[in-house]
Amino acid sequence: MSAIKFGPARMPSRESPEAAIEALEARGLSACEIDFEGRFWMDYDFAARLGAIARENGIALSVHAPLAGFMGHAERGKKLNMAVGMLDHSAGIAAACGAELVVFHPGFLLGRTREEALDSVCEQLGELRARLETKDRAVPFGVEVMGRVRDLGSLDDVLFISSRLGWVRPVLDFAHMHATSDGAFTDVDAFASALEATDDVLESGAPFHIHFSDIAYANRNETKHLSYGEGTLRAEPLRDALEMFERPATVISESPDVESTDEIAAILLGR
């Protein structure tokens, strides 16, 4: 049976590391993703202290890089350089706090074939890795499954990138996958199939990294995250599918409200 760490996609407090961990513990949560999607708000000292307290309390940390920090740019220049800088800094914060991985988005087709775009993502990630190694911040990265059916970032795309680059792990966003499949993730088999494919490319001991929330979608594209119960994605099939694997899992709630995160926690953790 998979051991599950669970927590929110946003730090519950930016006031201090102590306040953040206390807020997680008060709700019985054991994971948190550091939210840099919009901007960097944490310095290295904050990160180091946060990591130390998190380790003392058995809380798994991860980092979500800024949304503009994606790889696979069609042209080299200012935007690529900016993205590399964002991912470099994200990795520095991750190294300082001992985060499991840095989550990032895979980019866009930008008029190219899927094969060309994926080759570009892998090439630019390889260059990024070489840069990070010189700075002692070559932490694992996690490439997220995206929620738009005609763009880059399907489960197959993410598995391809991860299979080519052993330091890049798939991040299963089941809300996105539910949207792009037109609501197919309603039973254990659907979740188990995605987990099995991911299990095949993950190195031994690395946890599944999962994003989860209820979701609204149209034409197989995500539209917004929903409070739990407002849509058709449920946590019970995920819980039952995870029980089929020995690999541990870190599940991050991207629900828009605290109550939904706590409700999902109760289901996944058997409270």
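Since the model is predicted, local features need pLDDT of at least 70 and side-chain atom pairs count only at pLDDT 80 or more, while totals for chains, interfaces and linings use all residues. Residues are numbered from 1 along each chain as its sequence is written, and side-chain values use heavy atoms, with hydrogens and water left out.

**Exercise 1. Work out the order of the strands in the open sheet, and find its edges.**

Step 1. Strands (E, at least two residues) and helices (H or I, at least four) are DSSP runs, numbered from the N terminus. Two strands pair if DSSP finds at least two bridges between them.

Step 2. Follow the pairing across and you read E1-E10-E7-E6-E5-E4-E3-E2: eight strands, with parallel pairing.

Step 3. The edges are E1 and strand E2 (31-35), each of which pairs on one side only. From one strand to the next, the twist averages 30°.

Step 4. Val63 has Val102 in E4 as its bridge partner.

**Exercise 2. Describe the neighbours of strand E10 and say whether its residues are buried or exposed.**

Step 1. E1 (residues 4-8) is joined to E10 by five bridges, and the two run parallel. Ile4 has Ala249 in E10 as its bridge partner.

Step 2. E7 (residues 208-212) also pairs with E10 in the parallel sense, over five bridges. Here Ile210 stands opposite Val251 in E10.

Step 3. Now for burial, where buried means under 20% relative accessible area, exposed over 50%, and partly exposed in between (1.4 Å probe, protein chains only). In E10 (residues 249-253), five of five residues are buried.

Step 4. In a regular strand, side chains alternate between the two faces of the sheet. For E10, one side has Ala249, Val251 and Ser253, the other has Thr250 and Ile252, and all are buried.

**Exercise 3. Classify how helices H7 and H8 cross, and list the residues that meet.**

Step 1. The axes of H7 (residues 188-201) and H8 (residues 235-242) come within 8 Å and cross at roughly 50°. Axes are lines fitted to C-alpha atoms, for helices over the stretch in contact, and angles run from 0 to 180 degrees between N-to-C directions.

Step 2. Angles under 35 degrees count as roughly parallel, over 145 as roughly antiparallel, 65 to 115 as roughly perpendicular and the rest as oblique. H7 and H8 are therefore oblique to each other.

Step 3. With contact meaning heavy atoms within 4.5 Å, Val188, Phe191, Ala192 and Leu195 in H7 meet Pro237, Leu238, Asp240, Ala241 and Leu242 in H8.
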